[in-house]
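Please open the model in your viewer and keep the selection tool at hand.

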Amino acid sequence: MTYRFYGILGAVGAACALGIPTSLAAQDLITRDRVGLPDAPNTMTFRLTAYDLYSADDATRMAFEELFTQFITARPDWKIETQIATDNIGQEQARLLEQARAGRGPDCAMIDSSQLALFKSADILTPMNAHWTTAEIDDLFPYVRDAVTNEAGELLAWWWFTDLRVLYRDTRLVPDAPQTWQDLQTAALATAESGKEGLLFNGGRWEGTTFDWLAHFWAQGGRLVDDTGRPVFAEGENREKFLNAINFYKDLVDTGAAPPRVTSIVNYDEFNAAAAAGTTALFVGGNWQYGQLRGTLPAEDFAAWAVSPIPGPSADARATGTGGWTIAAMSDDPEAVRICAEMIREIYSGQSNAIQGLLPTSAAQYDQFDAFEGPEFDVFAEALVDGQARPGVPIYPEISNNIQIMIGDVLSGAATPQEALDAANAAVQAAFERL
């Protein structure tokens with residue numbers, strides 16, 4: 001099945017049929033802080049990221065404008081007051097959690113999958129079972145279903161897309177997919193010697209840095225926490241594996257296989273920009289960037305780019321992080337919860353995956369949309385076999401924050417790997433005692 005939009009004319013026609021003036025339907029239904037008529041009697045507040053309805057990518061933004069226009073014209077008595085979250089995931093999610101605990105949070109919000117456990121444990125999410133069937137919930141991938149439900153089986157959020165990290169390479173310089181850390185370093189050094197930057201990856205202070213790096217820790221079988229949720233990454237074999245992974249990053253920078261500026265990279269868009277500028281031939285990025293590169297690069301340049309699994313310490317030991325975003329209701333008003341759930345169903349779950357090339361969390365959706373038939377999805381499916389989600393425990397955000405600090409300190413030379421690991425562990429253990 002191919003998903004098709006009604007288009008702007010169809011959306012305007014629907015608006016007129018529902019009594020919304022044409023001028024408003026075309027020009028004023030979507031603003032920077034609102035979807036719907038300004039004087040609509042009912043309001044749902046929605047905090048979202050700037051990657052879809054407010055995307056800097058024109059095609060993505062226009063597609064979501066059509067979806068939201070169709071959605072709100074079918075509900076002329078409602079408006080959605082939008083609140084745009086910043087790119088700093090950790091700070092933004094902490095602020096959202098604090099506001100929700102104080103009763104000042106939005107009715108509906110996007111919650112990063114890495115933070116969902118905190119919101120669940122705070123008991124501030126409103127169950128949405130009434131808006132999904134048991135079969136639909138059961139069709140979610142097991143790790144997704146476990147994350148969005150509680151022990152009572154209540155659906156507390158909808159994980160609307162998952163993702164994974166892969167290695168992007170310009171086959172004109174890196175024709176063969178690196179299989180090991182050593183292969184990757186050798187290939188990166190070769191591209192650097194040709195005048196490129198070498199391997200680019202996230203190394204600044206944000207969640208993406210931790211998540212991308214964890215692939216190297218997980219590939220060795222490392223564990224961040226034990227079965228009780230206690231941090232164990234600095235103990236026994238985990239400590240050795242942790243140091244192996246951070247030393248791999250350090251060697252990349254020390255040898256020139258990766259540029260020092262990786263310590264300031266906090267946005268995947270930088271990789272797209274570097275590819276477009278022709279300054280890189282290798283980067284670790286998200287699966288969604290494949291479609292972005294297709295829309296950004298000239299056809300002949302895009303044809304030279306390929307994706308492959310992230311190399312591990314050996315060819316048969318590799319991993320990739322599986323992340324993504326959820327949407328949850330936080331309102332005491334059943335009607336606001338209903339609008340939140342209907343927005344998820346009609347805009348985000350399925351349709352938006354196809355628009356942006358984001359991997360669905362439900363097996364059935366892969367067959368529903370032609371957007372998931374490209375050869376790159378075979379690579380993504382192969383990589384997902386080694387996929388690993390962040391542990392759904394309340395201490396994870398603190399672990400992530402300290403891994404970010406650790407990576408920055410090591411790559412900048414401010415601390416040795418051992419010193420940085422000990423400092424990270426001390427901070428995490430102290431935080432764990434406070435939970």
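Of the contacts in the protein with a separation of 6 or more, 75% are between residues 24 or more positions apart, where contact means heavy atoms within 4.5 Å. This is a predicted model, in which local features need pLDDT of at least 70 and side-chain atom pairs count only at pLDDT 80 or more, while totals for chains, interfaces and linings use all residues. Residues are numbered from 1 along each chain as its sequence is written, and side-chain values use heavy atoms, with hydrogens and water left out.

**The whole chain**

With everything selected, the C-alpha atoms fill a box of roughly 65 × 55 × 35 Å along the principal axes. The radius of gyration is 22 Å, which agrees with the value near 22 Å that a compact globule of 435 residues would have; the radius is taken over C-alpha atoms, and the globule rule is 2.2 Å times the number of residues to the power 0.38. Buried residues, meaning those under 20% relative accessible area, with exposed over 50% and partly exposed in between (1.4 Å probe, protein chains only), make up 55% of the 435 residues. In cartoon view, look for 19 helices and 11 strands, which are DSSP runs numbered from the N terminus (helices H or I, at least four residues; strands E, at least two).

Two strands pair if DSSP finds at least two bridges between them.

**Strand 8 and its partners**

Now move to residues 282-286, strand 8, where five of five residues are buried. Strand 6, residues 158-170, pairs with strand 8 in the antiparallel sense over five bridges, and Arg169 of this pairing stands opposite Leu282. Strand 7, residues 199-200, pairs with strand 8 in the parallel sense over two bridges, and Leu199 has Leu282 as its bridge partner.

**The second largest pocket**

Select Gly90, Ala94, Leu118, Pro397 and Glu398, which lie nearest the centre of the second largest pocket among its 22 lining residues. On a 1 Å grid over the protein atoms alone, a pocket is an open set of points where a 1.4 Å probe fits, with protein on both sides within 12 Å along at least five of seven lines, and lining residues have an atom within 4 Å of a point. The volume of this pocket is about 520 Å³, counted as the space filled by probe spheres set on the points, which are joined across faces, edges and corners. Which helix gives the largest share of the lining? Helix 4 does, with six residues, and helix 4 (89-101), helix 18 (396-412) and helix 19 (417-434) each supply at least two. By class, the lining has nine nonpolar, seven polar and six charged residues, where Ala, Val, Leu, Ile, Met, Phe, Trp, Tyr, Cys and Pro count as nonpolar, Asp, Glu, Lys and Arg as charged, and the others, Gly among them, as polar.

**A loop residue**

Finally, select Asp123, in the loop between helix 5 (116-121) and helix 6 (134-138). Asp123 has a positive phi of about 60° although it is not a glycine, and it counts as exposed because its relative accessibility is 67%.
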